[in-house]
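Visitor: I have a few quick questions on this structure. Please show it first.

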Amino acid sequence: MFLTAPECLVGCLICEVMTDDEAIHIQGPEIFSKYSGYSNRFKFKENYVDDRERLKSDYKLYDREIIAIDAIKFSKSQINELD
């Protein structure tokens with residue numbers, strides 16, 4: 001998601017490293033591209049024209065919110081231990 005809304009990448013610079021129980025709330029990002037896939041299969045599809053209404057504020061944010069969490073990689077054996 002951060003690759004399609006580049007201003008979210010700035011959040012990586014100004015936010016501290018998240019712990020396992022934290023999230024970041026991003027309000028009003030503009031989306032610039034459509035995509036398919038996930039992780040190593042992530043691919044650009046085409047440009048995205050954002051026609052959503054902007055919020056009535058001084059910042060002219062889009063009516064969109066993103067909740068960012070840090071992924072935790074689990075092996076199959078670790079997942080089986082959770083069952």
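**Charged pairs**

Visitor: What is the relative accessible area of Lys34?
Guide: Lys34 has a relative accessible area of 36%, so it is partly exposed (buried is under 20%, exposed over 50%, partly exposed in between; 1.4 Å probe, protein chains only). This is a predicted model: local features need pLDDT of at least 70, side-chain atom pairs pLDDT 80 or more, while totals for chains, interfaces and linings use all residues. Residues are numbered from 1 along each chain as its sequence is written, and side-chain values use heavy atoms, without hydrogens and water.

Visitor: Which side chain does Lys34 meet in a salt bridge?
Guide: The partner of Lys34 is Glu46, at 3.3 Å from N to O (a salt bridge puts a side-chain nitrogen of Lys or Arg within 4 Å of a carboxyl oxygen of Asp or Glu). Lys34 belongs to strand β2 and Glu46 to strand β3, so the pair ties together parts twelve residues apart in sequence (strands are DSSP E runs of at least two residues, numbered from the N terminus).

Visitor: And Glu46, what is its relative accessibility?
Guide: Glu46 is at 40% and therefore counts as partly exposed.

Visitor: How many salt bridges does the whole structure hold?
Guide: The search finds two. Besides the Lys34 and Glu46 pair, the side chains of Glu30 and Arg54 meet at 3.9 Å, N to O.

Visitor: Where do Glu30 and Arg54 lie?
Guide: Glu30 sits in the loop between β1 (24–27) and β2 (33–36), and Arg54 in the loop between β3 (43–47) and β4, so this pair ties together parts 24 residues apart in sequence.

Visitor: What are their accessibility values?
Guide: Glu30 is partly exposed at 23% relative accessibility. Arg54 is also partly exposed, with a relative accessible area of 36%.

Definitions and conventions: Helix = DSSP H or I, 4+ residues; strand = E, 2+ residues; numbered from the N terminus.
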